[in-house]
Amino acid sequence: MIKFQHTLFALPFALAGMVLGAGGLPEARTAIWVVVAMVGARSAAMAFNRIVDREIDARNPRTAGRPLPTGRLSVGFAWGFTLAAAAGFVAAAAMLNPLCLALSPIALAVILGYSFTKRFTSASHFVLGLALGMAPMGGWLAARGAFALPPLLLTAAVLAWTAGFDILYACQDLDFDRRERLFSIPARWGAAWALRLAAGLHVVTVAMLAALVPVAGLGWIYLGGIALIAALLLYEHSLVSPDDLRRLDVAFFRVNAWVSVIVLLAICADLAFPFRIGA
């Protein structure tokens, strides 16, 4: 029902926000509860999505083999798992600080509410982007306990990155979404226009990551990481075209998992070895 490795899309960004907020390695206690919170939030979101979409998934050849449509798992089990994961997220937020606890219901509303958006708006890709984009802000708040510009830039970068790759992924369901009257950018405007928009959003991603350099006082190592991410995103878009989506899974799963990991490693390395620009 849930692929744990999908947590790699958001967890490294939460850790990156945490490291930036702490100005280096945080307390072990903070890191542990951030990981627990992220796994709980992501698991709750994915399980809830499977519950809400189980009838749609059953009609889609690409998703008909999932555990809920086939009956390998019961809806009751899925609900129990969702509630347990959500409770784990709230408990972890409470262990971090009062602000994280106060914001946890808002975070749950966004990550769970996303599952309904495809039924009424083509902007669903951006809601998913916001859901993942909250990760670096959550990590920063866990370490710092107050809002600031650096995590906002990371949030903007993740939002654009996620919306871009989700638009790419939605291209494979274009015909199905149209038949089911579901909303997505590919279904509304076609694959060619959707791929161009996704590419533009990934340009915004790189720009937002670059804007973090002067704001967070980062340097050459981090810039090297951004250059690598730009190359990966360029490679991702080279794998697909409106008439050939066969390598979409490679673009979606393999390339994107590396993007978040590189951001985390680049920030950690830059803070550990501060080769500053102009120094």
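Val34 touches Ala14, Leu15, Met18, Leu96 and Ala142, leaving aside residues up to four places away in sequence. A contact here means heavy atoms within 4.5 Å.

The model is predicted: local features need pLDDT of at least 70, side-chain atom pairs count only at pLDDT 80 or more, and totals for chains, interfaces and linings use all residues. Residues are numbered from 1 along each chain as its sequence is written, and side-chain values use heavy atoms, without hydrogens and water.

Val34 also belongs to the largest nonpolar core, which has 46 residues. Such a core is a set of buried Ala, Val, Leu, Ile, Met, Phe, Trp, Tyr and Cys residues joined through side-chain atoms within 4.5 Å. Buried means under 20% relative accessible area, with a 1.4 Å probe and protein chains only. Leu154, Trp161 and Ile267 are among the residues with the most contacts inside this core.

The chain has 13 helices and zero strands. Helices are DSSP runs of H or I with at least four residues; strands are runs of E with at least two.

Some values for the whole chain follow.

| Property | Value |
|---|---|
| Span of the C-alpha trace along its principal axes | about 60 × 40 × 25 Å |
| Residues that count as buried | 50% of 279 residues |
| Contacts joining residues at least 24 apart, among those at least 6 apart in sequence | 72% |

The radius of gyration is taken over C-alpha atoms, and the globule rule is 2.2 Å times the number of residues to the power 0.38. With 279 residues, a compact globule would therefore have a radius near 19 Å, and the chain agrees, with 19 Å.
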